[in-house]
Amino acid sequence: QINRNTTNTSLRNMSLKARIPDASQVMSKPRVNGALMAKFVNVPVLLVAKVENLDKNKATVQTSDGMTVQVLLETTSQIALMNEFYGVVGGDGRTFHVTSRTALSDDFNLQIYDQLVTLMHTQYRDLFMA
């Protein structure tokens, strides 16, 4: 079930079975949007996306650049509308195998986030890509 009316307090109290990623893992992984996924096949990355549909352990999400991606979840527990997914891009470049996720605010601005991702992979690549 997609939780579209979460508040910060309820997010803290939710019993999501997804594991919260270790900070050192997240900080060293590239952030991607839908268009960049194909360049990171079988590589651990971070993907921020809006959940459009949830069916058992598979979610259809909209990435920050508006692309549709299939996200394979480890658990089928409740999921927030907006999420930061940590995992590995599948071999087809259009699926994402989640190992953990973090719920974000429902009003998270995907357009601004996509501008950040674009800058991280272009103008400021030397700062963010090892």
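How many helices and how many strands make up the secondary structure of the protein? In this predicted model, the secondary structure comes to four helices and eight strands, and these elements follow the pattern β-α-α-β-β-β-β-β-β-β-α-α when the protein is read along its sequence.

**The chain as a whole**

- The protein exposes about 7300 Å², and carbon and sulfur atoms supply 50% of that area.
- Among the contacts between residues at least 6 apart in sequence, 60% join residues that are at least 24 apart.

**The largest nonpolar core**

- In soluble globular proteins, nonpolar side chains tend to be buried together.
- The largest nonpolar core in this model has 25 residues, and the members that touch the most other members are Val 32, Met 37, Val 61, Val 71, Leu 73, Phe 85 and Phe 96.
- At least two residues of this core come from each of the following elements: strand 3 (44-55), strand 4 (58-63), strand 5 (68-72), strand 7 (82-89), strand 8 (95-104) and helix 3 (110-121).
- Strand 3 gives the most to this core, contributing five residues.
- Leaving out residues up to four places away in sequence, Val 61 touches Ala 49, Lys 50, Val 51, Glu 52, Met 67, Thr 68, Val 69, Val 71 and Phe 85.

**A nonpolar patch on the surface**

- Nonpolar residues are also found on the surface, where Leu 119, Tyr 124, Leu 127 and Phe 128 form a patch that has about 410 Å² of accessible area together.
- Leu 127, one of the residues of this patch, lies in helix 4, which covers residues 125-128.
- Because its relative accessibility is 67%, and exposed means over 50%, Leu 127 counts as exposed.

**The salt bridge**

- Side chains of opposite charge can pair when their charged atoms come close.
- The structure holds one salt bridge, which Glu 84 forms with Arg 31, the closest N and O atoms being 2.7 Å apart.
- Is Glu 84 buried or exposed? Glu 84 counts as buried, because its relative accessibility is 14% and the limit for buried is under 20%.

**Asn 33, a buried loop residue**

- Asn 33 is found in the loop between strand 2 and strand 3, and with a relative accessible area of 5% it is buried.
- A polar atom of the Asn 33 side chain lies 3.2 Å from the backbone nitrogen of Ala 35.
- When neighbours within four places in sequence are left aside, Asn 33 is in contact with Leu 47, Thr 63, Ser 64, Asp 65, Asp 114, Val 117 and Thr 118.

**Positive phi values in loops**

- Asn 42, a residue other than glycine, has a positive phi, near 65 degrees, and its place is in the loop between strand 2 (31-32) and strand 3.
- Asn 42 has a relative accessible area of 58% and is therefore exposed.
- Lys 56, likewise a residue other than glycine, has a positive phi near 60 degrees, and it is found in the loop between strand 3 and strand 4.
- Lys 56 is exposed because its relative accessible area is 65%.

Key: Residues are numbered from 1 along each chain as its sequence is written. This is a predicted model: local features need pLDDT of at least 70, side-chain atom pairs count only at pLDDT 80 or more; totals for chains, interfaces and linings use all residues. Side-chain values use heavy atoms; hydrogens and water are left out. A nonpolar core is a set of buried Ala, Val, Leu, Ile, Met, Phe, Trp, Tyr and Cys residues joined through side-chain atoms within 4.5 Å. Buried means under 20% relative accessible area, exposed over 50%, partly exposed in between (1.4 Å probe, protein chains only). Contact means heavy atoms within 4.5 Å. Patches are made of residues with over 30% relative accessible area and no salt bridge: like charges are joined within 9 Å, nonpolar side chains (Val, Leu, Ile, Met, Phe, Trp, Tyr) within 5 Å. Accessible areas come from the Shrake-Rupley method with a 1.4 Å probe; for residues, only the protein chains shown count as cover. A salt bridge is a side-chain nitrogen of Lys or Arg within 4 Å of a carboxyl oxygen of Asp or Glu. A polar contact is a pair of N or O atoms within 3.5 Å; within protein, one must be able to donate a hydrogen and the other to accept it, and residues adjacent in sequence count only if both atoms are side-chain atoms.
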